[in-house]
Protein chains: 2
Amino acid sequence: MTGLCHKKYLKLTPPTEEDSRSAQVRILDELSDITDPVQFSMKALRQLSSVCVNADWEITVSLSWDGCKWLITNLETGDTSSNLYGLAVDLGSTTVVMQLLDCISGKVLAQTSVRNHQRDKGLEILSRIFFSKDNPEHLEELRQLTLKSILEGMENLKKHTGIEVHQCGAMVISGNNAMIHFLVGLDPFPIFSSPYAVWADQLGFYPAQELGLPLSCPVYLVPARANYLGGDITSGLIDVNIQEKEQIQVFFDVGTNGELVIGNKDFLLCGAGAAGPALEGEAVRTGMRATAGAVTDVKLQKGAFLLSTVDNLPPVGICGSGIVDLLAELYLNGWVDNKGHFVPDMSEKIAWQPKEQEYAVCYSPGLWFYESDIQEFLKAKAAASTMVEILLQQMGLCIQDVETFYMAGAFGVHINKKSAVTIGMYPDIPLERIQQAGNSSLNGAAKLLLNRNLIDKIPKLLSMMTYLQFGAVENFLHEMVAATAIPHTNLENYPSVEAERKKRMEEQKFTAST
Amino acid sequence: MTGLCHKKYLKLTPPTEEDSRSAQVRILDELSDITDPVQFSMKALRQLSSVCVNADWEITVSLSWDGCKWLITNLETGDTSSNLYGLAVDLGSTTVVMQLLDCISGKVLAQTSVRNHQRDKGLEILSRIFFSKDNPEHLEELRQLTLKSILEGMENLKKHTGIEVHQCGAMVISGNNAMIHFLVGLDPFPIFSSPYAVWADQLGFYPAQELGLPLSCPVYLVPARANYLGGDITSGLIDVNIQEKEQIQVFFDVGTNGELVIGNKDFLLCGAGAAGPALEGEAVRTGMRATAGAVTDVKLQKGAFLLSTVDNLPPVGICGSGIVDLLAELYLNGWVDNKGHFVPDMSEKIAWQPKEQEYAVCYSPGLWFYESDIQEFLKAKAAASTMVEILLQQMGLCIQDVETFYMAGAFGVHINKKSAVTIGMYPDIPLERIQQAGNSSLNGAAKLLLNRNLIDKIPKLLSMMTYLQFGAVENFLHEMVAATAIPHTNLENYPSVEAERKKRMEEQKFTAST
């Protein structure tokens, strides 16, 4: 009984005058080897007469864990015990990603990614928060939009698999505090406002119906540690499990905001801060999300750009991973210096833009990457890398002490690790020690779904997490300024980058001289 | 934390940047001395922002036990901890009796008795059961009518006390299996049909909302032992507590049906059977329930009837306790013999009824009590007293071994104990050993409300109860025939009755001779 849901096929003996136990007791007696309490849901009670009789007393009982007991959530005729499904949900502010899992094999049967319809009321989380502030009707609108997204995801999963998703035996939802506040119908304003005390962060199990979801099972909402360290981070840690490792690990979930945890089985030091929208392809003139036609990979060879795009379509803009590649190639080839300024002599593709009054490089016909774009991006990467630097400093550690550096989130999945090291966004450590954790919030939710022992570990995990307010760190700003250079003002921390740059520059000289 | 509900007044410290725990955690931390798990209900979560801010963080938290954890069901501003209320409900097939309790003092603040609106669909339980059989819509009608009665009771209690009854912290409902099946929406047909295996008899705690009741707390539905030994009997035993006594006790709840438990801390032998409607004033031509104008007490002095009636109104009929009195007086004065036949010579009030072709006595102008009424009543009292006799025989006990004979139900409350002994309905033991337990189903529900340790004792109580099917007892019918005599064929078991009869007969001779 490790997972959050189970099914038991029971061949009950029909009642006789000698054994006139109730149908309820007949079932409970058959389940008496379960050590935790077992209780019928009202729905299952009401199914007793029709199901037991139709099935000639051979029935399948669905059991769902509700945090303190097994709830019998459904009765079915015959043996359906091999059909056991669960839903894992990453409730992201942009997209809601959902997996339908086979809870027996643990396999993902289907995954879907749907728009978070909260975006109708504001693309940025902050605009949604202001929309709902002191306005219960608007808050309710956002709650409904959140549900709409989840329902859409359920519908997709049903279409993909033909499985009646609303009959799932378990559901785990992880999301940041704002997403969970919106889902529950709580005002998220305090998340972003001093003293940053949210209303509720230890949600746990709730009946799906009370949340407004059309399932019969309880839904587990992953608890959070602090305002910016939401259930998505808890879930991510459950996935990468740095809290049980001997050696020091780094878990970094970076996007517009960055959440960071450094530690091992003995301690977890955490921080969170804004990195700005540049890392997600925003705040860059031709930047875009990684949708059709977005440049994802860039090579600069012999003065020419070699580009890859989403769906191999003609380039229409550049996404986060493309920007990192582009910037790394520009730097390695000497087209920009370590301050992020263009070196116009290096290529004809670098040209003065009279309208913008700055230099820019044409990376594809009609698509320009501006010096101010670079500066914006460097600020973001500096913020991100400084968070790591500061947390390590606080513990008296250096980057070489880190065994594995887990990059979570969409940014981590698509980025070229070597390019990220080149621009000083990732530390200069052997690339195999930098791991792309992917959607660790979703993966953690799936793991929780399949193993309730992990849920039992969450209170200890949260209590281990020490939250460092970056605002209270004296040298944060000083460190950040140093980190805006490419790869960093302290070049000795990036030996591989310097070696590669020298190599490239010499190749260019050789090419130029032949 | 003995009762099913509690309130805690908390003076919370408002959040600061140094202590930015969530509002939820601030409350849970204040409740950390509670050893059982504590969880917020969805309703209480959604109250957090408004209540905490409006109350300047001085709030009262309502806690309700749900069977495995304390559920925070409500938040209020300021200190309301002295207002703690609960509802105890006896869900009877004729009337629904409800008490509003002060859960701090344990006092009953108000009691109300409302019509069970199921009667719209049949005065007898059986007719309601046939109405709902194989007809989900009719079953739903009966469920709604059950709820209607409870809601009416709640409304009455609110009117009587001014207390917002829907804010009660706990509710306990006891009723027989048919009533609980109707309340939950389960088909009660198997209760009365071989092999007598009901659908569900171990209900326990359910959210009020799932039952359709407008409260925020869980509702406890008292578990049952067998088809005819419903939650009302479990609750009755919780009230009189014979299962913890050293000496042998009898608990008897008699009406149209009789449920009987005999035992002590070592064993409980139980039986149930039909006594017929005569004991409740039905099946007697001028019989009626104990409503306005019903004769409740009868004395026969110097050949004249002295009557008491409900509300002191002119007699319009006779109820169960009046019949017992009347029959006892007729017998003691020699107006009927021990077979229940009239002795017409004894009084001019006894007259042949040409239409009915039988004798009858005129107990009030225009009101006649017929010999066939007597026979009907004697069959019912014989059934009841034989149940006691048989259970005692099964254990090798006699009535003198019984320390206390608890008579539950309305019949027990109003009946004249001495008259009941005279007609052989009650055993001939010292009257102080016959105790009127009153509405023990309701009283037990109230005790469960105030003490959840009693709930923990119910599984053991149910497992102690051995259910004897009277149909399987060989000499039951033989014993019952012997018991139709007044007081019984074996007069040696009723020495006090015989002594009284002789005394009365001699008084009459003396009166007649002077």
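The contact between the two chains draws 39 residues from chain B and 41 residues from chain A, where contact means heavy atoms within 4.5 Å. This is a predicted model, in which local features need pLDDT of at least 70 and side-chain atom pairs count only at pLDDT 80 or more, while totals for chains, interfaces and linings use all residues. Residues are numbered from 1 along each chain as its sequence is written, chains are lettered from A in the order in which they are written, and side-chain values use heavy atoms, with hydrogens and water left out.

**Interface of chain B and chain A**

- Together the chains bury about 3400 Å², 58% of it on carbon and sulfur atoms, buried area being the accessible area (1.4 Å probe) that two parts lose on being put together, summed over both.
- In chain B, the residues that lose the most area to chain A are Met42(B), Arg46(B) and Trp199(B), which together account for 20% of what that side buries.
- There are zero salt bridges between the chains (a side-chain nitrogen of Lys or Arg within 4 Å of a carboxyl oxygen of Asp or Glu).

- Ser441(B) lies in helix 12 (residues 440-450) of chain B, helices being DSSP runs of H or I with at least four residues, numbered from the N terminus.
- Ser441(B) counts as buried because its relative accessibility is 4%, the cut-off for buried being under 20% relative accessible area (1.4 Å probe, protein chains only).
- Leaving aside neighbours within four places in sequence, Ser441(B) is in contact with Asp90(B), Ser174(B), Asp232(B), Ser235(B) and Gly236(B).

How values were computed
Helices (H or I, at least four residues) and strands (E, at least two) are DSSP runs, numbered from the N terminus. Buried means under 20% relative accessible area, exposed over 50%, partly exposed in between (1.4 Å probe, protein chains only).
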